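Good morning, colleagues. Today I shall speak about salt bridges. Please turn to the sequence and the structure.

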Amino acid sequence: MADKPRVGLILAGGGARAAYQVGVLKAIAELLPRETPNPFPVLCGTSAGAINATTLAIYATRFHEGVRRLNFVWRNFNVNQVFRADTPGVFANGMRWLGALVLGGLGRSNPRALLDRAPLRRLLYRTMPFARIQESIDAGALHALSVTASGYSSGQSVTFFQGVSSLATWKRARRVGSEASITLDHLMASSAIPFLFEAVKINREYFGDGSMRQNAPISPALHLGAERVLVIGVRHEGETLSGRAATEDYPSLARIAGHVLNSIFLDSLEADIERLQRINKTISLIPSHHLRESGVTLRNVDVLVVSPSEDLEKIAARHAHYLPRSIRFLLRGIGALNRQSSTLVSYLLFEKPFCRELIDLGYKDAMHRKEEILRFLDMPSA
């Protein structure tokens, strides 16, 4: 085990789309022997991916148990466990927004977000014993866990990490690595989608969703000692390959919002993977002795990407009717229930039918590539 490359796992954001990650992890758990400890010594999560990564860190000495718990929660999700979707709660918040717009503000009563995530905070508080993260590190099952959030005051992408004592902080342009004991606040901050969910104060600054301004999503794993990285994406390749089509209608608010969320959650990861592959190719063309003589510290980093084989937006469109009536009413008003504008729905659809289909899709996609995954992990099959 000691001479195996240290593998990092990258779990990006994507709201309800992160259910796909659970399916991939479920397949990996089944492919590995039952008593196998955490195969990912470096766990890096952002937004909803941060919640999944932290769960794996808590159960790093029992990888199969961690995946089982993730699978149980995601397979039985409903919107009311994530944010208030009851009619009185949604109506009251809507009235505050309307009052603030009409009256030019409500002072201390100004609304901070469209949706109230108090249910998610209660769920995570009840189910996630954060003290076990350090226990996993002390047991040698975890090298490092990182959770990334975006600072609204500093404009920095801050990666909070907890790991072995030899790890060092880092500072790059608009992104830093800060040592911390990961808590519930870090997860709530990392997953605070702008406008939809309230920002969270950590130390002296308010933080929002970590996917914002995260220009190098793979970088934290490399800073924390990963020698190769497995990335579980939440976007079907076909979504990025479609050409520009002529259109007469002005884009709805929902389509614009979906476009913004895609740029926040998905585009940076794809660009970073492409950049890493270019660097790998460049390094392969330069003789190793030239690299040493020039003092170049770049190294080849193997990367494996597992992403959906089907369009998650189309799946979301099929399941949108499972959303609570109050949320459907809210989304219908901005055109989000239109089949051509289901991107926004795919991020908010924390309902069993949708999550289960994504889990099953992730499981199928990973099993289809099981030999490739096992070779990448340098692990025997179960």
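Which side chains meet in a salt bridge at 2.7 Å, N to O? They are those of D86 and R84. By a salt bridge I mean a side-chain nitrogen of Lys or Arg within 4 Å of a carboxyl oxygen of Asp or Glu.

A word on the basis. This is a predicted model, in which local features need pLDDT of at least 70 and side-chain atom pairs count only at pLDDT 80 or more, while totals for chains, interfaces and linings use all residues. Residues are numbered from 1 along each chain as its sequence is written, and side-chain values use heavy atoms, with hydrogens and water left out.

By the salt-bridge rule, the count is 11.

To return to the pair: D86 is partly exposed, at 27% relative accessibility, and R84 is partly exposed at 36%. Here buried denotes under 20% relative accessible area, exposed over 50%, and partly exposed what lies in between (1.4 Å probe, protein chains only).

Next, R228 and D302 form a salt bridge whose closest N and O atoms are 3.7 Å apart. R228 belongs to strand β9 (residues 228-232) and D302 to strand β10 (residues 302-306), so distant parts of the chain, 74 residues apart, are linked. Helices (H or I, at least four residues) and strands (E, at least two) are DSSP runs numbered from the N terminus. R228 is buried, at 15%, whereas D302 is partly exposed, at 34%.Finally, R318 bridges to E357, with 2.4 Å between the closest N and O atoms. Because R318 lies in helix α12 (residues 312-319) and E357 in helix α15 (residues 352-368), this pair ties together parts 39 residues apart in sequence.
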